[in-house]
Amino acid sequence: MTMQIADSGSLTSPDAKARAHALAARDNLRTEPRAVRIVIIALAMLFLSVFVVLPLVVVFAQALSKGIFAYFAALSDPEALSAIKLTLVVAAISVGLNLVFGLVAAWAIAKFDFPGKTFLITLIDLPFSVSPVISGLVFVLLFGAQGYFGGWLRDHDIQILFAVPGIALATTFVTFPFVARALIPLMQEQGTQEEEAAISLGASGLQTFFRVTLPNIKWGVLYGVLLCNARAMGEFGAVSVVSGHIRGETNTMPLLVEILYNEYQFVAAFAIASLLAMLALITLIAKTILERHLDEGQDVNDH
């Protein structure tokens, strides 16, 4: 009798009810007619093929249309090498700055309550709602010849616009939400118990961060850095406004693709575009791996 009561109680526990509900929902999804499921899957695959797979195939086909030697000759052109180098430098600067900002912002928002917290979160999301072209124009208004700081910069012989600093600033602005947005929900979910325990045992703030907080968010940090780097290398609008399009000096890879395409140098244009496409594929693979690690970490925390 005791065993029967225990069994009936286990069947009515919240976990058992949740599992039963999930199984019922899954079974309901399978009750759709086979023809309907086939049509839905076919439409999804057709959409992905037309808008994702086909453009990638066309990019690589056009890049290799005149042979592998023409492809590598286009990539080894001094102008192409300059664009690749500038893209890597700007990406490294913007990712480094956004990594520091993202860690600080996520730490402050997730671990502390302070006046203006909601406003800070809104500011972090600002680049998502502002056109990149508008972002570039803001820096023109600030640092251009007729801008607020233009006269002072000219008097001190400091070049911001149409140079690497302006490109780095514009890229940093449009990419700074990525690291912070990847870390804020993760750190909020983890709470403050471990940090409070470390501090109660005598650890300093930096020791707590590097030995407790950072190991717990390492996959989130890599995830945010990955997305930030991909956006930085592919940014066009804001960089186009502040770069000046000086060939061999201030053209990043996306800008060079546009210039070469407008000049009917299709092989060179698609060769550079293929590098960006390979970056997108690598980012997709790395993103999938990091999301798996993040899910595993959340499952461990739940248990």
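A residue is called buried here when its relative accessible area is under 20%, exposed when over 50%, and partly exposed in between (1.4 Å probe, protein chains only). Thr-283 has 10% relative accessibility, so Thr-283 counts as buried.

A quick word on the model. This is a predicted model, where local features need pLDDT of at least 70 and side-chain atom pairs count only at pLDDT 80 or more, while totals for chains, interfaces and linings use all residues. Residues are numbered from 1 along each chain as its sequence is written, and side-chain values use heavy atoms, with hydrogens and water left out.

Back to Thr-283: it sits in helix H16, residues 266–302. Helices here are DSSP runs (H or I, at least four residues), numbered from the N terminus. Leaving aside residues up to four places away in sequence, Thr-283 touches Leu-226 and Ala-230; contact means heavy atoms within 4.5 Å.

Gly-220 belongs to helix H13, residues 205–234. Its relative accessibility is 1%, so Gly-220 is buried too.

Now for two helix lengths. The expected span is 1.5 Å times one less than the number of residues.

| Helix | Residues | Length | End-to-end C-alpha distance | Expected span |
|---|---|---|---|---|
| H5 | 78–111 | 34 residues | 49 Å | 50 Å |

H3 bends by about 40 degrees at Ser-49, taking the bend as the angle between axes fitted to the seven residues ending there and the seven starting there. As for H5, Asp-77 caps its N-terminal end, with a side-chain oxygen 3.0 Å from the backbone nitrogen of Glu-79.

How values were computed:
Helices (H or I, at least four residues) and strands (E, at least two) are DSSP runs, numbered from the N terminus. A polar contact is a pair of N or O atoms within 3.5 Å; within protein, one must be able to donate a hydrogen and the other to accept it, and residues adjacent in sequence count only if both atoms are side-chain atoms.
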